[in-house]
Amino acid sequence: MNDKFFKLSLEKQQKITSAAYRVFAHNRYKTASMSEIAAEAGISKALLFHYFQNKKELYLYLWLKAMELTKASIAQYKTLETHDFFEMLRRSLLSKCALMRDYPDLSRFTLKAYYEADPEIETMIQKHFSQASEASESLVLERMETAGLRQDLDFNAMITEIFYAMDGYMLKKYRSHELDPDQIEHEILDLVHFWETLYTIPVIPR
């Protein structure tokens, strides 16, 4: 990417990235055009190509920027500052739903990018996502307290099942175009409560 983009004021950078997120959020990678992004940002197409060599470079920049904001939101909600696995899930959910409310186009872009099948970007996006997911799961396993969980179950299998279920839930929402953060927050909090009841050793009153 051309360093001249970063020499722009933060306001101008934000205007360009917001426009790009908006266009990519509502179009497939193949059909989204640099002309439309430039028009949305209020600049010429030539100037946009002055900052980004091509659409792929812009798209990957947006992806990495979205990942940085997601990490910052997760940290803000102190997701990994608890040893309770289900509390981690709750905090992670709340952080991501807050991001969806504050940056709806960015959140929709991130979800579309995850499911994007265009070969020009799919491999790179999936590779980066897999690396980030593996690192995140390692941190969770390292920090989580297992004493209160059922000992007759495999912890790794439990986590894998829950993550797959959440992934399937979001795929359903993506396909139905129902990305209401309030609804998602409510429904997944109910699921987390269900999993917590299922996998936690019941406390017997004395």
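This is a short tour of a predicted model, stop by stop.

**Before you start**

Residues are numbered from 1 along each chain as its sequence is written. Because the model is predicted, local features need pLDDT of at least 70, side-chain atom pairs count only at pLDDT 80 or more, and totals for chains, interfaces and linings use all residues, while side-chain values use heavy atoms, with hydrogens and water left out.

**Stop 1: the whole chain**

Show the protein chain as a cartoon. Its secondary structure comes to nine helices and zero strands. Helices (H or I, at least four residues) and strands (E, at least two) are DSSP runs, numbered from the N terminus. The C-alpha atoms fill a box of roughly 75 × 35 × 30 Å, taken along the principal axes. Of the 206 residues, 36% count as buried. Buried means under 20% relative accessible area, exposed over 50%, and partly exposed in between (1.4 Å probe, protein chains only). Now consider contacts, meaning heavy atoms within 4.5 Å. Among those between residues at least 6 apart in sequence, 69% join residues at least 24 apart.

**Stop 2: helix 5**

Select residues 85-102. Helix 5 has 18 residues and reaches 26 Å from its first C-alpha to its last, close to the 26 Å expected at 1.5 Å a residue. The expected span is 1.5 Å times one less than the number of residues. Colour the buried residues of helix 5, among them F85, F86, L89, L93, C97 and M100. What covers the buried residues of helix 5? The cover includes helix 4 (55-76), helix 6 (104-115), helix 7, helix 8 and helix 9. D84 caps the N-terminal end of helix 5, with a side-chain oxygen 2.9 Å from the backbone nitrogen of F86. A polar contact is a pair of N or O atoms within 3.5 Å; within protein, one must be able to donate a hydrogen and the other to accept it, and residues adjacent in sequence count only if both atoms are side-chain atoms.

**Stop 3: helix 9**

Select residues 181-199. At 1.5 Å a residue, these 19 residues should span 27 Å, and the end C-alpha atoms are 26 Å apart, which agrees. In helix 9, P181, I184, E185, I188, V192, W195 and Y199 are buried. They cover an arc of only 95° around the axis, which puts them on the same side of helix 9. The arc is that of the directions from the helix axis to the C-beta atoms. The buried residues of helix 9 pack against helix 5 and helix 8 (155-176). Turn the view around. The face turned away from the buried side carries the exposed residues H186 and T197. D180 caps the N-terminal end of helix 9, with a side-chain oxygen 3.0 Å from the backbone nitrogen of D182.

**Stop 4: the rings**

The structure holds 17 aromatic pairs. Rings of Phe, Tyr and Trp (its six-membered ring) pair if their centres lie within 6.5 Å; planes under 30 degrees apart count as stacked, over 60 as edge-to-face and the rest as tilted. Select Y114 and Y115. Their ring centres are 4.7 Å apart and their planes at 70°, so the pair is edge-to-face. Y114 is buried, at 18% relative accessible area. Y115 is partly exposed, at 21%. Next, select F5, F6, Y51, F52 and Y61, which ring pairs link into a cluster.

**Stop 5: a loop**

Select A147, in the loop between helix 7 (122-143) and helix 8. Is A147 buried or exposed? A147 is exposed, with a relative accessible area of 57%. Finish with I201. The C-alpha atoms of A147 and I201 are 54 residues apart along the chain and separated by 8.8 Å.
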